[in-house]
Amino acid sequence: MSNRLAKEDSPYLQQHKENPVDWWPWCDEAFEKAKNEDKAIFISIGYSSCHWCHVMEEQVFENQECAEILNANFISIKVDREERPDIDKYYQEVHMLLNRRAGGWPTSIFCTPQNKPFFAGTYIPPESRTGSIEGMGFIELTRLIAKKVKEMDAKLFENADEIEGFLQHTEHPKEATVLKEDFYKNFLLQAKNNYDTRNGGFSNKPKFPHTATLNALLTIERLYDDRSAKAMVENTLNNMTKGGIYDLVDGGFCRYSVDEKWLVPHFEKMLYDNALLCGVYTQAYIINNDEKYLTTAQEIADFWYNFMSEDELFYSASDADSDEEEGTYFVYSYEEVYITLIENGYDNAKEMCEQMSVTHHGNFEGKNIIRFEGEIPEWFHNIKQLLQKIRQKRTYPFKDKKVQTSWSAMMINALFTLGAVNNKYKQKAQKSLDKLLETLFIDGTLYHTTLVGKKPKVEAFLEDYAFLSQALLTAFKYTQDELYLIHAQRFINKALEEFYREGLWNFSSGEFAIKAEIVDTTYTSSVSIMIDTLLTISTLLEDEKYRHFAFKTMEYNSYELGRKPIYYPYMLTQTLRYIKEDRVIKTNEKNINNYAHALTKMKYPFIELKKSEDDGFMLCGNKSCFAHTQELDHIDSLIEKSLPSNK
């Protein structure tokens, strides 16, 4: 018999509707019941494509003994972190406070009947491993907690009160410092210290793409011709596309690799990773004119349209697991690849398998992830189609069909930039942006998420306003459709009104008024994206108040930004932009359309476009124009002469 989650829209909650656990969705009724019945609260947070969430479901939530303990002694609440990122961020803070280290998913939180947290963990196996509380299994832990709550254990309730006090305290920066261009030198030094010179990337293992760091290095390369920045970006991008974290067969990036070589991923594919990496590879192509970067960007976009979209809207994620095992859809046996090649007339099948890293013993649990250690040969284009046919006979991993404003906007933003190189993606981006607005901006209210064809319920958070505004401003840049500019200004104004207070930004308002992160973690900080949109709208509208809000935000965070810029690469980029200032190219709409690719290739990274009647190119700075030319090739040198360091 299904539990209450059967009535929920979230695909993640739907995955748990047949558990023997008497799950509640997040609602007032659940908390009232806990208080009235004097029962402890268990909150479990995860998402549909999370491998370890599936493991905990299978081992704990499907376990009859675990379910009976929870049902008798707890009110158990399931939360989809992608549907309610405000709740998730709050309890990640709880985990950090209680454990002095970052959490993750699944997140397991235990609270008093009054909903005051006192214990936080991630994946908890059913059986105990050691004698310490950290090694306690779920069965022993829940029995102990139920006993202590029933006995009204004074220490437990005191700790819960103390934790709540810490959570309600807001830390403010100790001091501000002057925003300096030299911050980038400290960033470069810190990036080099973290950099893996052999495999690229900025950690050992597990290895995440760190797109904000790569974007900052691309900006530094453009501004300062820095060879080390260029080398770090190119080595990282080249290594990431050898195969593994990047799916050479279908396209698209997995969330991270468990090894230092980018070979063995957790196989889930998230929209935000692919959106941001599509943007990075597009920018790398624009700057360095390397066709393989453009190919990767286009393959990412094509994968999401071909596999992960419906009615111009983007799904949020696909799973790592299929047929209850991780990676089974993605990997190959030696025999099936070799036989397929032979059957299709390839006499050198053995050598081709070697080049694709396909062996009898395999490179992942006895099977093979397709990977090239050198350049990808031209023949792989045809072989890829054969490998796709092998996959078509398999069960495709579960797709989370939630449509999220913030993540969708990230992809749309990347597609508009890609569209400056290949116009078909500009057309796709416009359709997706218009459909996103139609679906999630209803009667003057912006929403965070919905399913295709469903009515949205969760109102937008700061990240939704930020990334959507950014996408709208990029859309305006390449289309000059003023409706996009009007929408962007509306959303920026609403974000300022709802989330901004004297340099400090909240991620959400209402029940969980949580301070927004400024660190670029899983994806770029929404605060830094807001700085970006504020600077852009200030330039386009020639309205200094938006620039002032951007400055106050950077000033509020300037002390940490100056000391540890490696944690805030996108804010660093916007600081350089603020100091050096935007340049605006004014020209007619025909030139903007016909020369879109050339205009993106301008060396200076902080350029906006505005439509005028001029058939040439008027170049402007803050409050004044400084040059005019009929020659596209002259723009770079004229802008270079206008920069402060060259005066």
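## Two disulfide bridges

A disulfide is a pair of cysteine sulfur atoms within 2.5 Å. Under that rule this chain has two disulfides. The model is predicted, so local features need pLDDT of at least 70 and side-chain atom pairs count only at pLDDT 80 or more, while totals for chains, interfaces and linings use all residues. Residues are numbered from 1 along each chain as its sequence is written, and side-chain values use heavy atoms, leaving out hydrogens and water.

Let's meet the pairs. Cys50 is joined to Cys53 by a disulfide with an S to S distance of 2.4 Å, and this link is right-handed, with 85° about the S-S bond. Buried means under 20% relative accessible area, exposed means over 50%, and partly exposed lies in between, using a 1.4 Å probe and protein chains only. Cys50 counts as buried at 4% relative accessibility, and Cys53 is buried with a relative accessible area of 1%.

The other disulfide is formed by Cys620 and Cys625, with sulfur atoms 2.0 Å apart. The link of Cys620 and Cys625 is right-handed too, with 80° about the S-S bond. Here Cys620 is buried, with a relative accessible area of 3%, whereas Cys625 is partly exposed at 42%. Numbered in sequence order, the bonded cysteines of the protein chain pair as 1-2, 3-4. Cys111 is in no disulfide, and the nearest cysteine sulfur, that of Cys27, is 14 Å away.

Strand 4 covers residues 107-111, and it is largely enclosed by the rest of the structure because five of its five residues are buried. Cys111 itself has a relative accessible area of 0%. In a regular strand the side chains alternate between the two faces of the sheet. In strand 4, Thr107, Ile109 and Cys111 point one way, while Ser108 and Phe110 point the other way.

Which strands pair with strand 4? Two strands pair if DSSP finds at least two bridges between them. Strand 2 (residues 40-46) pairs with strand 4 in the antiparallel sense over five bridges, and Ile43 stands opposite Ile109. Strand 5 (residues 117-121) also runs antiparallel to strand 4, joined by four bridges; there, Pro117 is the bridge partner of Cys111. Strand 4 and strand 5 make a hairpin with five residues between them, and Asn115 in the turn has a positive phi of about 65°.

Elsewhere, three strands form an open antiparallel sheet in the order 8-11-14. Strand 8 (269-270) and strand 14 (399-400) stand at the edges with a single partner strand each, so one side of each is left without a neighbour in the sheet. Strand 11 (residues 317-318) and strand 14 run antiparallel and are joined by two bridges. Ser318 stands opposite Lys399 of strand 14.

Helix 9 (residues 211-224) has 14 residues and reaches 20 Å from its first C-alpha to its last. That is close to the 20 Å expected at 1.5 Å a residue, where the expected span is 1.5 Å times one less than the number of residues.

Is helix 9 mostly covered or mostly open? It is mostly covered, with 12 of its 14 residues buried; among them are Leu214, Leu217, Leu218, Ile220 and Leu223. Contact means heavy atoms within 4.5 Å. The buried residues of helix 9 pack against helix 8 (183-194), helix 10 (227-240), helix 11 (271-288), helix 23 (569-580) and helix 25 (596-600). Just after helix 9, Asp225 takes a positive phi of about 50°.

## The whole chain

Stepping back, the protein chain has 26 helices and 24 strands. Its radius of gyration, 26 Å, agrees with the value near 26 Å for a compact globule of 647 residues; this radius is taken over C-alpha atoms, and the globule rule is 2.2 Å times the number of residues to the power 0.38. The C-alpha atoms fill a box of roughly 80 × 70 × 45 Å along the principal axes.

Of the 647 residues, 59% count as buried. Among contacts with a separation of 6 or more, 69% come from residues 24 or more positions apart.
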